Amino acid sequence: MQVPPATHSAWTALLTGKGKSEPSFLAARMLIVRCRMELVKGAAPDKVKKFATELRELYASNADCASVQQDLPKIFG
Amino acid sequence: MRDHLQRVEEVEKLIRRGDGLLLAGDEALLRRLPRGNWIGGTIPYFMTAQGGLVDHERIFVDDLPFGLRCDGVRRYGTGDIERVYSELPANGFGVAILPASSPVHLAFALGAPNFEQFALRPLVGWVSGVHLDDLGSKSPKVFDGTTGEVSEEQAVVMHIGLPPGKVAELGVLNIFRDGGGPAIVFPAAGFSAREVEVDGQRQNFAEYIKKAGLDTRLPLVADYCGTAINVSYQAIDDVNGEVFFYAPVFAGIPYRHAAPVKDFVAEFDAQLPKDLGHRIAFSCNCILNFLHSNLEGKKTGDIACPITFGEIAYQLLNQTLAYVTITDVAR
């Protein structure tokens, strides 16, 4: 499955804990927790957009990993 | 299961052959090695085919398997450790070793999640140490085999290239789960804390630990989207009301005290994915697991690794097995 663009609402849902499921990709779990720590201080749209781009890039750069391929249909399917 | 412990003369042969090596052992042994494609760190504790043991005579050797290659070695101090992720090779990963309690160890532990390109590529590794009897008299060190440099100040990172069609993925195995007690939230990130919020009530953490009768051999556990991440207790200063940790706590994250573990080895084996040992290129496990669970002489599945003063899987971890597996590309 291709990695959807950063504008896809599922990235924001994942960042804010409102997604369909939690990721299994360890790097994503760690990055999301770091982002959530920042978002608690203030979830300005620009900040959310920046984190969504970062998270999307993380998945795109690791698209060959088994856990990434497992996550994508769960997050976007 | 391979025998990873080798004598200096055997390791020398591997170095002269040009192998890429990740080494762990006594400082005096590592100092005898010639230059080559290797990095190393000091530690005398190991999990081996014979079980957990302390060895001052042999070096623990991870000879890069699966067609992996050493693509160079970098050293970082506090001034440039923030580049550790952004400099990792595009088609590969990094193995880092940091000297325990050094400024770069502390800088990495506290800052890693905010470094540029954090977690974009896999970074696994460990914190070097000393025999516990030598705490205070010897210092943990790291070795850059490519230059012969020995350091107690810098981190050393081997860049490892993957062969075509292969992918590296990091994993952790943590037998600790939160014990269902109150949420403990820290007001600031750091390796120590005085005041905390326990279920929303502000109080002194040292006093709370005493009052609640917490067993501080068990870590604090935070839920990272389904992965349990530990922070281990180092010491409690009752006089000043301060609690010290082996890894930093982060502000705003709810931590809970871990549930007791009856049998570490049984629990570890139960959680260990089948045949994981055959896919692992490198792993490390924590000295606190070794000590608190009396792992000397005991085996943990088919995992052989150095026993370390801290583990790295993207960021610093405690009381956890961290590993990198090499598998075929998933698509």
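Two strands count as paired here if DSSP finds at least two bridges between them. Helices (H or I, at least four residues) and strands (E, at least two) are DSSP runs, numbered from the N terminus. This is a predicted model, where local features need pLDDT of at least 70, side-chain atom pairs count only at pLDDT 80 or more, and totals for chains, interfaces and linings use all residues. Residues are numbered from 1 along each chain as its sequence is written, chains are lettered from A and ligands numbered from 1 in the order in which they are written, and side-chain values use heavy atoms, leaving out hydrogens and water.

**The three-stranded sheet**

- In chain B, an open sheet has its three strands in the order β15-β21-β20, with antiparallel pairing.
- β15 (190–193) and β20 (233–237) of chain B each have a single partner strand, so one side of each has no neighbour in the sheet.
- β15(B) is joined by three bridges to β21 (residues 242–249) of chain B, and Gly190(B) sits opposite Val249(B) of β21(B).
- Helix α3 (residues 103–111) of chain B lies across β15 and β21 of chain B, at about 85 degrees to β15(B); such angles run from 0 to 180 degrees between N-to-C directions, with axes being lines fitted to C-alpha atoms, for helices over the stretch in contact (heavy atoms within 4.5 Å).
- Helix α4 (residues 205–212) of chain B lies across β20 and β21 of chain B, at about 100 degrees to β21(B).

- Four bridges link β2 (residues 21–25) and β6 (residues 59–63) of chain B in the antiparallel sense, and Leu23(B) stands opposite Val61(B) in β6(B).
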